[in-house]
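This report describes a protein structure for a reader who has not seen it before. It starts from one residue and its surroundings and then moves to other parts of the chain.

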Amino acid sequence: MPERGLGETGREQPNILAVIVLYKTRPSESAAFTTLVAELKRVQQIDDRLRVLLYDNSCGAQLSEELPPYVFYHAAARNEGIAGAYNYALDIARREGFDWMLTLDQDTQLPVDFLVQMRDLALRLDQNEEVGAIVPQLSHVGRPLSPFRIRPLGPSYLSPGFTGTARGESCALNSASLFRVRALDEIGGFDPRFWLDYQDYYVFRQLHRHGKRVWVAGGIQVEHDLSLLSDRQSPGPDRFRNFLQAESAFCDLYRGRVDGLALTGRLAGRFWRQRRQGIDAAVRQLTLNALKRRLFLTRTRRIRDWQSEMQQRIACLPKQDNQRPSISVCMATFNGEFYVRQQLQSILDQLSDRDEVIVVDDASSDRTCDVVKSFDDARVHLERHVSNLGVLRTFEDAIRTARGDVLFLADQDDLWAPEKVSSVLRAFDIHPEAEIVVSDAALIDDNGAPIGASYYAIGSPFRPGILSNLLHCRYLGCTMAFRSRIRSKILPFPSNADILHDLWIGVANSLAGGKSVYINSPLVLYRRHGDNATGVKRLPFTRQIRIRWDLCRSLALAWSRLRGRSLRLTM
């Protein structure tokens, strides 16, 4: 007989971390917490495969209740919204080896056997990596809330009892959703800009972009208290203002013109209903202001204003070292004994104990490897090629080996500016949608003396995109850093092709819809000398033609693979 537990199956149950976000509510007053604990008591089996995190966003919160041993409590220093809570939980799930993460609002009433059914589904779908989330059907006083298909004129709710994956892009509310931890890692977690509202729209859009399906558990019906847009009560002005900002920003960033017109129409209708129902004047004024912004400000201006406000908010958030993304520096070396020591030292000075430097040596004939090993630093990992494979394959091996959340590319003979790591990580924080960060570089000679203007000041300005890079490569590898989640989009590097590694990473990311961000500050001291692998002498015209031809051919093959996966997701 199978072992009795959460889900009567003969296989090992998946590891689940449940996170409940509290705000000005004690655990015993939370419907989600009390119903979850009641179910766990009823099934009478608690083990290391299930843990519950209570994340309290109340300012100055102190726990005054005794909690079960499988529950741990965290009081945030500042209200970071659901984004901060979920990213904190994701970091725990990643470190502790949880397979799935269950997100719950404090006021969600869980039905009987909810956890049993969700764990059984997680077990059944565990091997199907295309499934990034499992969601129940949510309703509020008989009104369907989630999940729904994304349509230009508004959501299209799935029929009651629908089970399986819906065609096209689907979205669900965060509460009671079960996310695969690997899928959340792939999309980069939760966006701190949508710290309180529209986080669910963002996450499910990212899952769709990364080829993940949403499994709808139609047999699980959950009652959820949705008061934000209730006709009977209105939220406070501050909360409603944040909702309106996030609603408009998400539409401007990720939706088309038809969606924008539909949102403007909904705002007009919402203002009319609020006036008719006598909703608080401050709330009505916020709706009117949001409508005016959509009518009289450009999309670019609206996005810039919102991003500026969110950047200021993010900059004020406390950040612990273990919440900083881990870093892998990927360095290719070949006969670089004269410069590699200085470069490694400039890198290691900026890294934490959680970071690493992956050095792949391409069969050097000098003392390069001895210099690297002389650091005797646990963060430095050296791999050696038996024969010379070239720059492209050497960087590819380093990128494959890297384990960090953010990967930096480094040449053996440059120097990093002291603020390089902090500046790049800050750019990733401010632009969570960005996959690649590129900076400018100051030029130095053999002896480290400056030689003229910066790299992008002398040459063409940086521009991302495929067309911008077909005629002239705008990416400089030693200034690039990218999120580890795009490795599946850029690897393997094209075979039997003469392509620069930095060019391929940049355009392959653009092909997959990824965004690149530029820092107009020289964060690398780029050494120009006769032994550089790239960047000093202009390539022969015939090789330039060959590189462009190989690039177009490789992009066509990559596009066909992406297209095939997209077609499978719409079936």
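Leaving aside residues up to four places away in sequence, S326 touches R354, D355, R403, G404, D405 and V406. The model is predicted. S326 itself belongs to the loop between α9 (299-315) and β14. Its relative accessible area is 12%, and because buried means under 20%, S326 is buried.

## Nonpolar cores

The largest nonpolar core has 71 residues. Those that touch the most other members are V329, V357, I399, F408, F482, W504 and I505. With residues up to four places away in sequence not counted, the contacts of I505 are I399, L409, I436, M480, F482, I490 and F493. There is also a second, separate core of 57 residues, and A172, I187, F240 and F250 are among its members.

## Helix α13 and its cover

Helix α13 spans residues 420-430. Its buried residues are K420, V421, S423, V424, L425, A427 and F428. What covers them includes the strands β14 (327-333), β17 (406-411) and β18 (415-416), and also β19 (434-444), β20 (480-483) and β21 (515-527).

K420, one of the buried residues of α13, lies over the face of W416, at 4.9 Å from the ring centre. Another placement of this kind involves R313: its charged end sits over the ring of W195, 3.5 Å from the centre of that ring.

## Aromatic rings

A pair of aromatic rings is described by the distance of the centres and the angle of the planes. The count for this model comes to 23 aromatic pairs. In one of them, F462 and Y475, the ring centres are 5.1 Å apart and the planes stand at 80°, so the pair is edge-to-face. F462 lies in the loop between α14 (455-458) and α15 (466-470), while Y475 lies in the loop between α15 and β20, so the pair ties together parts that are 13 residues apart in sequence. F462 counts as buried at 11% relative accessibility, and Y475 counts as buried at 2%.

One aromatic cluster is formed by F148, Y157, F194, Y198, Y201, Y202, F240, F243, F250, Y254 and W306. F240 and F250 of this cluster are also members of the second core.

Which residues make the contact between α6 and α7? Helix α6 covers residues 237-254 and helix α7 covers residues 257-277. They pack at an angle of about 160°, with their axes 9 Å apart. The two helices are therefore roughly antiparallel to each other. On the α6 side the contact is made by F240, F243, L244, E247, S248 and C251. On the α7 side D259, G260, L263, L267, R270 and Q274 take part. F240 and F243, which are part of the contact, belong to the aromatic cluster as well.

## Backbone details

Most residues other than glycine have a negative phi, and most peptide bonds are trans. Against that background, the residues and bonds below are listed with their backbone angles.

| Site | Backbone angle | Location |
|---|---|---|
| S146 to P147 | cis, omega near 0° | P147 in the loop between β7 and β8 (148-149) |
| L491 to P492 | cis, omega about -5° | P492 in the loop between α16 (487-490) and α17 (501-511) |
| Y198 | positive phi, about 65° | loop between α4 (181-187) and α5 (199-209) |
| N335 | positive phi, about 50° | loop between β14 and α10 (340-348) |

Are Y198 and N335 buried or exposed, or in between? Y198 is buried, with a relative accessible area of 12%. N335 counts as partly exposed at 30% relative accessibility. Y198 is also one of the residues of the aromatic cluster.

## R143

R143 lies in strand β7, which runs over residues 143-146. R143 is partly exposed, and its relative accessible area is 43%. Along the chain R143 and H224 are 81 residues apart, and their C-alpha atoms are separated by 10.0 Å. S146, in the same strand β7, is joined to P147 by the cis peptide bond listed in the table.

How values were computed: Residues are numbered from 1 along each chain as its sequence is written. This is a predicted model: local features need pLDDT of at least 70, side-chain atom pairs count only at pLDDT 80 or more; totals for chains, interfaces and linings use all residues. Side-chain values use heavy atoms; hydrogens and water are left out. Helices (H or I, at least four residues) and strands (E, at least two) are DSSP runs, numbered from the N terminus. Buried means under 20% relative accessible area, exposed over 50%, partly exposed in between (1.4 Å probe, protein chains only). A nonpolar core is a set of buried Ala, Val, Leu, Ile, Met, Phe, Trp, Tyr and Cys residues joined through side-chain atoms within 4.5 Å. Contact means heavy atoms within 4.5 Å. Rings of Phe, Tyr and Trp (its six-membered ring) pair if their centres lie within 6.5 Å; planes under 30 degrees apart count as stacked, over 60 as edge-to-face and the rest as tilted. A charge sits over a ring if NZ of Lys or CZ of Arg is within 6 Å of the ring centre and within 35 degrees of the ring normal. Axes are lines fitted to C-alpha atoms, for helices over the stretch in contact, and angles run from 0 to 180 degrees between N-to-C directions. Angles under 35 degrees count as roughly parallel, over 145 as roughly antiparallel, 65 to 115 as roughly perpendicular and the rest as oblique.
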